Amino acid sequence: MNIWALIPLITCLVYIVLLVFALQQIERRVNKIFAFFLGVAAFWSFTSFMLHLNAPQEQTLLWGQVLVVALVWTLVAYYHFVRAYTNRPAGKGLYIGYALVLVLTVLSLSGYIVQSAYVTDGILSYDLGTSQYFIGAISLVFVGGVIRLLVRKYRGSIDPIDRNRTMYLIVGWSILVVLTYTNLIPALVGFPLDHIGSLVNALIISYAISRFQLLDIKLVARRGLTYIILVSALIGISTGAILIFPTQTQVSTILFATLIVLLLILMARPLRRAIQEGVDRLFYRQTYDSRQALLGFSSKMGHILNLDELAKEMLPTMTKALSITQASLLLQDNDNGDFTVQFAYPKAKSELSDELRFNTDNPIVVWLDRKGSPFHPEQIDNTPEFKGLWQEEKERLTTSGLGLLYPLKSRDKLIGILALGKKQSGGLYSHEDIELVTNITNQAGIILENAQLYTQATIRANTDELTGLYNHRHFHERLEQEIARGSRFGSSFSLIILDIDLFKSYNDVYGHIAGDQVLRQAGKYIESSIRGIDLAFRYGGEEFTIILPETRLDDAYRVAERVRKTIESKTSFRTMPITVSLGIANWPSDGVMKEEIIVRADEALYRAKHTGRNRTCLSSDVLKPGTPRIGTELEARPKALSIIYALAATVDAKDSYTYGHSRKVSEYAVAMAEAANMPQDKIATIRAAGLLHDIGKIGIPDSILNKKAPLTDDEWRPIRAHPELGVEILRHVIDLVNCLPAILHHHEHYDGSGYSSGLKGGSIPIEARILAIADAYDAMTSLRPYHKQLSSQEAINELKRCAGTHFDPELVDRFCKIVEPTRPKSLEVRPQLDNEATH
């Protein structure tokens, strides 16, 4: 045997090995035809091998005739495979090709094709005569057809793995064609260069199959090795048994053989499993256990209803089983519905966590939802659906270390996205990896949805729907947990109980819808004023609680004061004053039982309520001696205030012209006071006075208030008396004593021409001077029966004209800067004023 005969022999053996693997997976059409091509190619190489042997002349001529047929047959078979690979039916051209192979077989074996063939020093020489042009034309048609189909497949594919696999096939086929046509060069005729090309093509196909999974080689190899070992073991066991226990008679031989067969049948399955496990461990090594865990995912994970636990079980196992850098789970954010990374492994390598965020109309999300198949980042540039992505988004995806995105669906609804990093080896995901993850994601969709539903139900069960804070039931659960934790580790915590002051009065005046809004705002401001480890709860009604882990009383007092001041400053500018009272207790200083700590905090709250409200009291303050208790007069104040604010609202609602007047006057007045940097207690007084400044009008007949004609002297008398009547109504309420001067004198003029006392200049209380401007501005810019409604600028001009006579000129100037349309943005203290004042 010479070197030139060895080349086709090696090529034949490579094709035979590939054929053995292919025959184990022929369920799909493309695999069947691929196996057929491998058999034909192996036959072609074998005929060439036989032709290069130093055989007699007659045999050489016969193998030469067969070789010509095998060559054309191989071309047609490869064309057949490529049509199947590109998902095309056989077609007329293929049928014509096989018909030509039959015709060529008859002609060649009849001696009409090969005129002569002989081998000299291992080099083949043959003469085809004019038939070589006929054979060349046929082969050229099918070679061109293969190239055309593969190029169209490459250009039309959007899958990068499919494109790369197709490119390998194009390269392998091109090499084979070029080296095959060297037979037309006289100097190279006889050398088996075509089989060198065929060997290269076989090696390239082998590489394409092993790398891009045209056939799942690893799966076939594992199964094949398992069955080879199993069969060998069974043969060895049976042979050994026969040798060790020889039989003498025919009957005993039959009985013994039957026993051996039964034993082998019983042993076959457990033995196969043991061998399969050993082979799998050999193939997968350190990833075997993780892969087995993924295969049993549904049975192990089906009972898990906690999202954290589910992610902790799934992501590390998947990362180890697939040998990838990282894995993340993207779920929809409750706030905006975007898919964001909520779980990642390992957290130290959270590249995906920082880079990945998809809104619901993102082209990638839409594609995952519609296709239900994995997404490769390489598909971005080749898929029309992704042309709408910004370049920045594309660069972020390609540089994020992302290997695959898998949709997690349940009942055809996208509920999550599994983001997998790249392979640690830098290679591509195998077909087996893809199938494994696909099976997991199909199961995980339902499990994940169940976990989400359970989590949502748990959150709803523990959350107050109005405020979004934890509810009363969860408060007691967490309080017990904190006590248990403190008992175990020797730590302490503080408890704050908060109550909104005069909340019933607010509901009576403004209604329960407005009251609900106050509760929501209070919950929001409480949550924004505490640490991330602190827990806020709605205890019930207008009461809230806060658990402060690892917090002493003095630190808890600072937190409580921050909450109190935040709520007072941010919720009171539009309505009657909103303040809160707070009580603080500490565990274990104020008790070790849950009930004890709640009672002590509640007692501190009670003390804050009955020493003036809008303050914070510690549990230690309750025990201080000498603190006088508030009498029955103060105990009745909430009820009295409720009635008074209701009367004020009644005055505003007497007709459509004055509806909301007191509220707007209060807003304007507070804006002026804040612009003047007045103390908070003064601002609170002005706020209340603005709401109540016209309460004395409760005693003025509607006929006078709504009269369009000028008032008579007798009619002016009750108008001028309404400030005094208002003071008389309010003077018995201790909380409102500071408001009385502003209410009594808000109709005084700066030059002394006003009422009720004829005060002038600086002798008029500043609160009254502020109310006078706010009252006049709102009256001028509102529709009244006795004058036309002025624009904001016209009202400002009128205030400026009356500055120094009716109004304090300095305050007028400050007020105009606040409300005039061209005011700078930094002075937009109350952006609602202009809009609401024109209503």
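Start with the cluster: ring pairs join Tyr15, Phe34, Phe37, Tyr78, Phe81, Tyr85 and Trp173. Keep in mind that this is a predicted model. Tyr85 also has a charge over its ring: the charged end of Lys153 sits there, 5.4 Å from the ring centre.

Across the structure there are 20 aromatic pairs. Take Phe37 and Tyr78, which are edge-to-face, with 4.8 Å centre to centre and 65° between the planes. That pair links distant parts of the chain, since Phe37 is in helix H2 (residues 29-52) and Tyr78 is in helix H3 (residues 57-85), 41 residues apart. Phe37 has 1% relative accessibility, so Phe37 counts as buried. Tyr78 is at 0%, so Tyr78 counts as buried too.

Now a stacked case. The ring centres of Phe493 and Trp587 are 5.7 Å apart and the planes are at 10°, so this pair counts as stacked. It also links distant parts of the chain: Phe493 belongs to strand E8 and Trp587 to strand E11 (residues 580-587), 94 residues apart. Both Phe493 and Trp587 are buried.

Last, helix H19. What does H19 pack against? Its buried residues are Gly515, Val518, Leu519, Ala522, Gly523, Tyr525 and Ile526. They pack against strands E8 (493-500), E9 (535-540) and E10 (543-549), and against helices H18 (503-510) and H20 (553-571).

A check on the geometry: at 1.5 Å a residue, the 17 residues of H19, 512-528, should span 24 Å, and the end C-alpha atoms are 24 Å apart, which agrees.

That is what I have.

Key
Residues are numbered from 1 along each chain as its sequence is written. This is a predicted model: local features need pLDDT of at least 70, side-chain atom pairs count only at pLDDT 80 or more; totals for chains, interfaces and linings use all residues. Side-chain values use heavy atoms; hydrogens and water are left out. Helices (H or I, at least four residues) and strands (E, at least two) are DSSP runs, numbered from the N terminus. The expected span of a helix is 1.5 Å times one less than its number of residues. Buried means under 20% relative accessible area, exposed over 50%, partly exposed in between (1.4 Å probe, protein chains only). Contact means heavy atoms within 4.5 Å. Rings of Phe, Tyr and Trp (its six-membered ring) pair if their centres lie within 6.5 Å; planes under 30 degrees apart count as stacked, over 60 as edge-to-face and the rest as tilted. A charge sits over a ring if NZ of Lys or CZ of Arg is within 6 Å of the ring centre and within 35 degrees of the ring normal.
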